[in-house]
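User: I would like to go through the labels given to parts of this structure and the cut-offs behind them. Please show it first.

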Amino acid sequence: MKRLPLIALLVLASATHAQAFDDKFRQLDELLPTPSDTRTASGAPGHAYWQQRADYRIRATLDEARRAVTGSETITYHNDSPDTLAYLWVQLDQNMFRADSDNRRIASHPSRDAWRSGGTPFESARFLVESAKFDGGFKIASVTDRSGHPLRTAINKTMMRIDLAEPLKPGARVAFDIAWRFNVPETTVLGRRMGFERFDKEDKNDLFEIAQWFPRMAAYYDAHGWQNKQYVGDGEFTLEFGDYDVELTVPADHIVAATGELQNAGAVLTAAQRERLARARTADKPVVIVTQQEAEANEKQRATTMKTWRFKASNVRDFAWASSRKFIWDAQGFRKDGTNVLAMSFYPKEGNPLWERYSTQAIIHTIVEYNKYAFDYPYPVAISVNGPVGGMEYPMISFNGGRPVKDKKTGELTYSKNTKYGLLSVIIHEVGHNYFPMIVNSDERQWTWMDEGLNSFMQFLAEQAWEDHYPSRRGEARNIVDYMKSRNQVPVMTNSESVTQRGNNAYAKPATALNVLRETVLGRDLFDFAFRAYAQRWKFKRPTPADFFRTMEDASGTDLDWFWRGWFYTTDHVDVSVDGISEYTVGTKDPEIEKAWKKAQHDLEPVSVTDQRNQGTLPRRVDSHPELKDFYNEHDAFTVTNRDRNKYNEALGDLDDWERNLLKEGKHLYLVDFGNVGGLVTPLILDITLASGKTYVERIPAEVWRYNPKKITKLIVTDEPMVALTQDPNWETADTDTSNNSWPRKAVPSRLELYKTERDKDNLMRDFNEKLKKVDK
Ligand SMILES: [Zn+2]
């Protein structure tokens with residue numbers, strides 16, 4: 001006997017072990033945090049729920065010439081937690097723009113090949129050069145208590161710790177002052193989510209979109225403690241609610257848009273502008289507050305004086321603003337139920353004609369639609385600003401890109417379909433963020449999907465309510481298929497900074513999952529009730545993923561653990577194949593019928609080749625000698641005998657009436673084998689076609705996979721023969737391969753494109769002899 005080394009024996013031994021059962025329906029409780037007094041097992045805030053609060057009094061000045069902001073603030077921090085706090089953490093997000101920030105240091109490339117292939121855009125190369133030179137980040141001038149005594153601080157990159165002289169007791173509050181300044185990054189060169197845009201070629205003005213611009217309290221909450229994870233770039237922010245009183249001093253000819261309500265219109269607006277603003281409140285279409293003509297006149301001047309705009313905002317988690325002398329401004333009021341809002345848009349002339357037509361309308365549309373599914377928009381204003389930021393949300397205000405293009409020679413303004421719908425979509429999306437996460441205050445630094453995914457889902461619903469066949473990018477199951485089959489994926493439940501394919505992972509996949517949950521798993525009524533329950537429970541509070549998962553189950557009365565497990569915790573995809581099908585009919589026991597049925601089956605068998613070739617060519621002896629034929633030449637195994645009849649009659653006598661009726665039902669039974677190729681369990685939606693041409697759909701819950709997640713056999717009973725079956729006929733489950741969904745299999749139609757072979761492509765002599773063209777500069 002040959003001896004196997006020990007290691008080989010071990011391998012052999014383990015190979016014989018049965019594979020562990022892959023329980024797709026295993027309950028999530030062991031993965032989710034233990035319910036507590038602050039967060040219940042039903043997904044609601046608990047009786048002891050608490051959250052911190054931070055109020056801000058800010059004064060800031062925009063130094064237009066230096067493109068810098070200088071500010072000072074008083075933060076009043078309320079410790080509503082049951083904990084005593086020895087120190088506080090403050091976010092210094094601007095420090096991400098420092099040349100030595102972690103954001104810059106950890107930048108990496110997936111591979112050399114990815115770096116080399118496809119080339120590098122000019123913008124990326126410029127970023128590399130400029131980000132190393134830019135003097136970015138907060139310059140903190142002072143951190144003092146209210147009497148002006150310096151507080152001890154420690155700055156750790158994008159976070160600052162303030163050590164308190166006295167620990168802050170539960171229920172107590174502390175106020176302190178911070179003074180700072182920073183250089184505003186140019187958005188298209190260095191910026192992200194904020195910055196300035198230069199119009200050097202046009203009127204030599206700038207447009208400022210200012211955000212993450214003041215030191216803000218980091219969140220401190222029951223499930224996490226201090227959320228002081230560094231701002232590296234992708235994980236945005238979670239902040240505390242509070243009241244803001246902000247004075248912004250800008251050049252006197254600037255128009256300012258900001259979170260909150262303007263307090264001193266008399267000091268910063270003309271009488272005509274104030275009259276138009278009042279008229280806008282009840283108008284049925286947008287009213288222009290600053291006309292294009294007025295904005296163009298503003299562009300040409302340079303005020304030497306400054307004006308201070310004062311804004312107040314209650315119960316918001318952040319504050320952002322925009323300022324420029326280029327702004328055209330329009331507004332329209334919207335009032336319904338608990339909502340009383342002034343929708344406003346600010347844009348340079350370069351945004352027209354798109355912006356004057358669509359922006360404010362899109363804001364109101366967003367509020368109308370989101371109110372249906374979440375809660376009434378509670379704030380007094382909702383603003384969309386056109387500037388250099390492609391799309392970014394703050395409370396009551398959002399920055400949105402998208403403009404027409406101007407032909408350099410003719411000056412003609414045109415825009416593509418993508419630009420138009422991209423603009424509508426981004427405004428819906430960013431205004432929609434007021435609901436998630438500006439009000440349902442999830443922790444973006446931890447989970448991008450909790451606001452982006454839920455908001456992209458709501459965006460899809462709002463887009464579909466804009467017009468028929470609205471070209472939504474995300475939401476439809478069929479649009480996620482390519483991503484679901486792709487490699488290099490991480491589960492949705494991945495920290496914001498580690499997410500790959502961010503748009504697909506954190507926006508599109510959860511949005512699609514919720515759409516599948518709504519249309520396919522729960523149905524609209526149950527889903528909408530549960531989703532609204534989540535929004536209502538957590539508005540102005542801070543939910544975690546478990547609170548969302550639990551509320552959706554609690555309010556719909558449905559165990560969805562398998563759904564969260566598959567869509568949020570794995571990278572499995574849906575791919576169900578219809579593998580086999582066999583037909584059964586119930587035997588009648590009647591020998592006249594059964595033997596005829598058996599004969600019919602026998603006759604359906606192909607005739608043997610030997611018989612085919614002998615037919616008519618091979619003379620048979622019994623034909624030339626008919627006297628050789630007897631009983632067995634007349635009868636075969638399918639002949640019904642009296643013994644058969646007697647047995648049948650006896651058997652019938654033993655049956656009860658209901659048993660006899662069952663024999664006559666004439667049902668058709670089909671055993672259909674389904675394979676789960678993709679791993680993600682899914683409801684089965686079966687489109688069944690019967691012999692008469694009648695079709696119907698049978699919807700089978702995902703629990704059909706509970707005993708075996710890989711392979712199941714499902715019995716389908718029909719009144720007449722089934723001639724075809726298609727799984728997921730409407731493409732609603734994101735099945736990644738529909739070629740294996742039908743019985744009988746259908747050929748997949750495709751086109752083979754032929755092309756002419758190009759000869760002599762690389763002809764140096766011809767290229768050399770080509771005439772030199774004049775350069776048109
Ligand atoms: Zn977003």
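User: Where does Pro-744 lie?

Analyst: Pro-744 lies in the loop between β32 (742-743) and α22 (764-769). Helices (H or I, at least four residues) and strands (E, at least two) are DSSP runs, numbered from the N terminus. The model is predicted: local features need pLDDT of at least 70, side-chain atom pairs count only at pLDDT 80 or more, and totals for chains, interfaces and linings use all residues. Residues are numbered from 1 along each chain as its sequence is written, and side-chain values use heavy atoms, with hydrogens and water left out.

User: What kind of peptide bond joins Trp-743 and Pro-744?

Analyst: That bond is cis, with omega about -10 degrees. The bond from Phe-436 to Pro-437 is also cis, with omega near 15 degrees; Pro-437 is in the loop between α9 (417-432) and α10 (449-464). Most peptide bonds are trans.

User: Which atoms are the protein donors of the zinc ion?

Analyst: The donors are His-429 (NE2), His-433 (NE2) and two OE entries of Glu-452, at 1.9 to 2.6 Å from the ion. A donor is an N, O or S atom within 2.8 Å of the metal (3.2 Å for Na, K and Ca); water is not among the atoms, so sites may look incomplete. The donor residues follow the spacing H-x3-H-x18-E.

User: Why is the arrangement around the zinc ion called irregular?

Analyst: The 4 donor atoms subtend angles of 55 to 152 degrees. Four donors count as tetrahedral if all angles lie between 85 and 135 degrees; four count as square planar and six as octahedral if opposite donors are over 155 degrees apart and all others between 65 and 115; anything else is irregular. The angles of 55 to 152 degrees therefore make this arrangement irregular.

User: What makes Gly-675 count as buried?

Analyst: Buried means under 20% relative accessible area, exposed over 50%, and partly exposed in between (1.4 Å probe, protein chains only). Gly-675 has 5% relative accessibility, so Gly-675 counts as buried. This residue lies in strand β27 (residues 668-676). Leaving aside neighbours within four places in sequence, its contacts (heavy atoms within 4.5 Å) include Asp-575, Trp-705 and Lys-710.

User: Why does Lys-204 count as exposed?

Analyst: Its relative accessibility is 60%, so Lys-204 counts as exposed. Lys-204 also has a positive phi of about 65 degrees although it is not a glycine. Most residues other than glycine have a negative phi. Trp-731 has a positive phi of about 55 degrees and, at 42% relative accessible area, is partly exposed.

User: How do you know that Arg-310 and Asp-245 meet in a salt bridge?

Analyst: A salt bridge is a side-chain nitrogen of Lys or Arg within 4 Å of a carboxyl oxygen of Asp or Glu. For Arg-310 and Asp-245 the N to O value is 2.6 Å. The pair links distant parts of the chain, with Arg-310 in strand β17 (residues 306-316) and Asp-245 in strand β13, 65 residues apart. Arg-310 is partly exposed at 27%, whereas Asp-245 is buried at 13%.
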